[in-house]
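Subject: Structure handover

Hello,

Here is the structure for your files. My notes on it follow below.

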Amino acid sequence: MAEPVWRAGPASRAAASAAAGCTLAGAVAVTVAVVAGPGPGLTGYVSEAGIAGTGFARTYRIGVFALAAGLFLLAAALPPALRVTAGLLAAAGACTVVSGAVTCSAGCPLPPFERATVADLVHGGASIAATAAVVLAMLALLATPGAPAALRRVARLGAALAVPLAAAIGLAILLVGRGGLVGALERLLLAVAAAWGLVTATTLGLTADRDGRSNRSRTGV
């Protein structure tokens, strides 16, 4: 029996292609801002590249908004069977918009070891919620009966990397606080999330069926 073939309709393919483009552009912009900006390197948070007054704050925020657009477009490109995953991606996109619109103060302090302002809490909470929603979207896709096999493979790999990283970051923030460990883990998790979105969008455009139901190939039985 041949493996089911998945094909997207024109609208889904267009949304998936746009999602891939926005995700790639956003990831590049944020990376440039983090690497070239005056931030503290691996000991700080990625969000510190977007603090008002820094040289690459605009580049960072443009990148964040591009990533938000990529999440919204990917949600729109998914087949109806993946409505839970799409809802989580849309929520992640909304939280990402908040994260980009509300900048943190110098150092982006977070409790319990640092004193945070309201803006810090809003920005930090939105950023954490956005990342968590993306990780949950991977898990929701895996738990959805009839999800395209190609998308399940990508989500399985993404979740296998993202879940332990997310757990490690949560524990490190509570037990250790700011430092090289949290900085490195945060960058790894964000890279996994962006890569999953990019590969999922590309895979969806190539192999997903527009109505979320598998079709047998012409040579299958």
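The protein chain exposes about 10,500 Å², and carbon and sulfur atoms supply 70% of that area; accessible areas come from the Shrake-Rupley method with a 1.4 Å probe, and for residues only the protein chains shown count as cover. This is a predicted model, in which local features need pLDDT of at least 70 and side-chain atom pairs count only at pLDDT 80 or more, while totals for chains, interfaces and linings use all residues. Residues are numbered from 1 along each chain as its sequence is written, and side-chain values use heavy atoms, with hydrogens and water left out.

Confidence

The mean pLDDT (the predictor's confidence in each residue, from 0 to 100) of the protein chain is 86, and 87% of the residues score at least 70. Contact here means heavy atoms within 4.5 Å.

Fold

The protein chain has 6 helices and 0 strands, so the order from the N terminus is α-α-α-α-α-α. Helices (H or I, at least four residues) and strands (E, at least two) are DSSP runs, numbered from the N terminus. Of the contacts with a separation of 6 or more, 75% are between residues 24 or more positions apart. Buried residues make up 44% of the 221 residues; buried means under 20% relative accessible area, exposed over 50%, and partly exposed in between, with a 1.4 Å probe and protein chains only.

Cores

A nonpolar core is a set of buried Ala, Val, Leu, Ile, Met, Phe, Trp, Tyr and Cys residues joined through side-chain atoms within 4.5 Å. The largest one has 42 residues, and those with the most contacts inside it are Leu74, Leu78, Leu89, Val134, Leu141, Trp196 and Leu204. At least two residues of this core come from each of α1 (10-36), α2 (57-77), α3 (83-101), α4 (118-143), α5 and α6 (180-207). The biggest share is from α5, with 9 residues. Leaving aside neighbours within four places in sequence, tryptophan 196 is in contact with Leu74, Leu89, Val134, Ala137, Met138, Leu141, Val154 and Ala155.

A second, separate core has 6 residues, among them Val30, Ala49, Tyr60 and Val64. Tyrosine 60 sits in helix α2 and is buried, with a relative accessible area of 5%. Tyrosine 60 and valine 34 are 26 residues apart in sequence, with 7.7 Å from C-alpha to C-alpha.

Threonine 131, in helix α4, counts as buried because its relative accessibility is 17%. Not counting residues up to four places away in sequence, threonine 131 touches Leu189 and Leu190.

Surface patch and salt bridge

Leu171, Leu174, Leu175, Val176 and Leu181 make a nonpolar surface patch of about 530 Å². Patches are made of residues with over 30% relative accessible area and no salt bridge; like charges are joined within 9 Å, and nonpolar side chains (Val, Leu, Ile, Met, Phe, Trp, Tyr) within 5 Å. Helix α5 (residues 149-175) gives the most to the patch, with 3 residues. Leucine 171 is in helix α5 and counts as exposed because its relative accessibility is 52%.

How many salt bridges does the structure hold? There is 1, where a salt bridge is a side-chain nitrogen of Lys or Arg within 4 Å of a carboxyl oxygen of Asp or Glu. Glutamate 186 forms it with arginine 187, with the closest N and O atoms 3.8 Å apart. Both glutamate 186 and arginine 187 are buried.

Backbone points to check

Two residues in the loop between α3 and α4 belong here: cysteine 108 and proline 112. Cysteine 108 is not a glycine, yet has a positive phi of about 45 degrees; cysteine 108 is also buried, with a relative accessible area of 5%. The peptide bond from proline 111 to proline 112 is cis, with omega near 10 degrees.

Regards
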